[in-house]
Amino acid sequence: MSGNARVVLKSADAPPTTAWERVQLARHPQRPYTLDYLQLAFTDFVELHGDRLFADDAAIVGGLASLTGRTVMVIGHQKGRDTRENILRRFGMARPEGYRKALRLMRQAEKFGMPIVTLIDIPGADPSLPAEERGQAFAIAENLLAMTELKVPIVSVVIGEGGSGGALALGVADRVLMMANAIYSVASPEAAASILWKDGGRGAEAAEAMKITAPDLLRFGVIDGIIPEPDGGAHTDHAAAAQAVRDVLVEQLAVLDQCEIADLIEQRAARYRGIGVFRS
Amino acid sequence: MRNLFRKGPAYVTVPAQARAPAQTGDSLWVRCENERCRELLYVREFENNLNVCHKCEHHARLSARERVAQLVDEDSFVEHDKDLAPADPLDFVAAGEAYRHKVEETFERTGKREAAVCGTAVLDGLPLELVVLDFAFMGASMGSVVGEKIVRAADRARAAGSVLLTVNASGGARMHEGIFSLMQMAKTVTALAQLGAARVPHISVLVDPTLGGVTASYAGVGDVIVAERGALVGFAGPRVIEQITKQKLPPDAQRAAFLLEHGMVDLVVQRRELRPTLVRLLRLYAAMSRLHVERPAGNGVVRDASTGPA
């Protein structure tokens with residue numbers, strides 16, 4: 001795949017050196033999205049639509065799929081490839097019905113004892129009145145609460161942008177992994193700059209200051225591992241990126257299979273309860 | 001005196017010579033913060049009215065100290081985890097501004113070490129664990145300290161079997177703590193899941209304003225969610241929404257009544273009704289099978305847990 005690169009890189013092959021360059025790679029228009037991974041790393045995907053309450057949010061997709069012969073529930077944010085699709089999928093900015101669909105599918109996975117795989121790629125939750133009217137905050141909160149207690153293994157992979165509570169709403173897991181050029185942050189760099197300095201144009205500074213790259217998060221102990229990308233970024237070779245994701249998922253699920261569910265939930269709770277740095 | 005009646009800052013200091021001689025250095029009058037009201041209020045009356053304007057019913061924001069004083073039985077509040085203070089895990093410096101300095105400066109200006117104040121208290125004789133967020137400390141944004149205090153309060157509530165009451169106001173996540181701030185959402189909710197598993201109730205009170213990661217985590221999953229009249233509550237704030245969608249929002253959007261109408265909160269209460277409402281809820285939860293079964297019930301309809309559900 002030859003990305004018609006609009007990214008600012010020193011050269012196509014040079015590994016990125018700044019957080020802002022990673023941001024550009026994480027947002028690369030040819031980067032593989034959830035549905036690409038579903039096609040390349042899984043087989044027999046059947047998409048399941050709708051939250052059974054209000055609507056189907058095209059910014060989150062999910063359904064049953066086979067991972068090397070084993071059925072798993074895959075749920076991920078989905079961006080669009082072109083303008084029309086991006087309008088439909090709101091650039092991956094999920095709405096409450098998306099989170100509620102995800103929760104519905106996670107409950108089904110729990111019912112049948114299927115592991116859950118989530119693929120995270122959201123610039124941020126949808127800032128709009130319809131999303132607020134339908135309780136965006138409450139939908140996210142309900143997902144977090146449910147995921148802390150789900151009685152099946154959960155593996156999350158940040159494949160592109162892990163932006164804000166909209167990312168975490170699919171991201172409470174037993175294993176949290178990041179693609180090498182993915183970013184994960186409390187808000188998009190532009191939103192953070194806007195909050196901090198009332199100047200959304202200073203995203204590059206915010207990106208550096210907030211430490212949002214995979215190596216940063218691994219160092220902080222917030223994620224468990226980094227999945228390597230093909231040279232130049234995942235957009236240069238979707239198949240290779242998907243292969244790497246599949247290998248890691250298979251390996252991690254095999255490890256999690258060895259754990260008693262009760263232990264898994266206890267470890268999941270301990271993991272999140274332990275995150276935080278303060279003086280006492 | 002003429003200066004008093006111009007539009008100006010929310011708090012007006014009456015010139016010294018106009019003060020009654022018996023008064024202390026504090027000002028006697030305060031202006032209603034509501035732009036459309038701006039009523040001049042006598043401080044003592046305003047305070048007796050729980051910092052609510054008697055003319056337009058505007059509910060002024062309260063400090064954590066004022067909130068605690070208004071809400072729980074006098075002298076019953078015992079503060080915990082007072083010394084927890086922000087660290088700087090990201091070594092956050094950007095545009096010449098360091099988080100470390102911002103924290104120091106806020107500490108010096110407000111005397112507060114963090115946005116959350118938590119402790120054990122008694123409300124009309126019933127024990128509870130209380131957490132109050134103070135908007136004056138960096139917009140009560142949630143970083144590691146707020147998250148840790150919520151978790152510890154939830155754990156104390158679980159151990160004691162007493163209700164967890166959180167009074168929330170927040171601008172959202174604390175950007176300066178980056179991913180640690182985001183993860184506090186999962187952290188606090190984990191503690192609440194464990195509280196829920198122990199069948200101990202969490203009552204969440206949302207006051208003006210509660211936004212972002214606080215609404216979207218522990219504050220959004222109360223067994224009862226109470227919004228104070230007029231409170232702005234949501235995920236994205238109205239300014240962000242207007243900026244991005246280029247649409248002007250109706251003035252009542254994301255206010256307490258709007259949330260009630262859309263089914264997002266259980267109750268909207270006036271501030272003067274907050275305490276009596278909480279007392280009633282606490283009594284009802286106290287008279288459930290599991291909590292405080294040894295308490296003699298007011299009208300004798302509660303059975304012991306060991307004899308099965310009432």
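**Exercise 1. How far apart do the C-alpha centres of domain 1 of chain B and domain 2 of chain B lie?**

*Solution.* A word before we start: this is a predicted model, in which local features need pLDDT of at least 70 and side-chain atom pairs count only at pLDDT 80 or more, while totals for chains, interfaces and linings use all residues. Residues are numbered from 1 along each chain as its sequence is written, and chains are lettered from A and ligands numbered from 1 in the order in which they are written.

Step 1: find the bounds. Domain 1 of chain B covers 1-60 and domain 2 covers 61-289; such bounds come from an automatic or database domain assignment.

Step 2: read the distance. The two C-alpha centres lie 28 Å apart.

Step 3: look at where the domains touch. Here 5 residues of domain 1 of chain B are in contact with 10 residues of domain 2 of chain B (contact: C-beta atoms, placed from the backbone, within 7 Å). The side belonging to domain 1 has 3 nonpolar, 2 polar and no charged residues. In this sorting, Ala, Val, Leu, Ile, Met, Phe, Trp, Tyr, Cys and Pro are nonpolar, Asp, Glu, Lys and Arg are charged, and the others, Gly among them, are polar.

**Exercise 2. Find out where pLDDT is below 50 in chain A and chain B.**

*Solution.* Step 1: know the scale. pLDDT is the predictor's confidence in each residue, from 0 to 100.

Step 1: take chain A. Its mean pLDDT is 94, and 95% of its residues reach 70 or more. Residues 1-12 of chain A fall below 50, and this stretch has 19 contacts in the model beyond near neighbours in sequence.

Step 2: take chain B. The average is 88, with 85% of the residues scoring at least 70. Residues 1-25 of chain B are below 50, with 19 contacts beyond near neighbours in sequence. Residues 299-310 of chain B also stay under 50, and for them the model has 10 contacts beyond four places in sequence.

**Exercise 3. Describe how chain A and chain B meet.**

*Solution.* Step 1: count the residues. Chain A gives 47 residues to the contact and chain B gives 52.

Step 1: see what chain A brings. Helix α6 (residues 136-149) of chain A supplies the largest share of its side, 10 residues. By class, the side of chain A has 30 nonpolar, 8 polar and 9 charged residues. Helices (H or I, at least four residues) and strands (E, at least two) are DSSP runs, numbered from the N terminus.

Step 2: Strand β9 (residues 278-279) of chain A pairs with strand β4 (residues 85-86) of chain B in the antiparallel sense over 2 bridges (strands pair if DSSP finds at least two bridges between them). Within this pair, A:R279 stands opposite B:A85.

**Exercise 4. Which strands stand at the edges of the open sheet of chain B?**

*Solution.* Step 1: write the order. The 7 strands run β3-β7-β8-β9-β10-β11-β12, with mixed pairing.

Step 1: pick the edges. β3 (78-80) and β12 (267-269) of chain B each have a single partner strand, so one side of each is left without a neighbour in the sheet.

Step 2: go inside the sheet. β8 (residues 126-133) and β9 (residues 163-170) of chain B pair in the parallel sense over 5 bridges, and B:V132 has B:V167 as its bridge partner.

Step 3: stop at β10 (residues 202-210) of chain B, which holds B:P209. A cis peptide bond joins B:D208 and B:P209, with omega about -15°.

**Exercise 5. Compare two helix pairs, one from each chain.**

*Solution.* Step 1: take α4 (residues 144-160) and α5 (residues 178-197) of chain B, which pack at about 5° with axes 9 Å apart. Axes are lines fitted to C-alpha atoms, for helices over the stretch in contact, and angles run from 0 to 180 degrees between N-to-C directions. That makes α4(B) roughly parallel to α5(B) (under 35 degrees is roughly parallel, over 145 roughly antiparallel, 65 to 115 roughly perpendicular and the rest oblique). The residues of this contact divide into 9 nonpolar, 5 polar and 3 charged.

Step 1: take α8 (residues 189-197) and α9 (residues 203-210) of chain A, with an angle of about 95° and axes 8 Å apart. These two helices are therefore roughly perpendicular to each other.

Key. Two residues are in contact if their C-beta atoms, placed from the backbone, lie within 7 Å.
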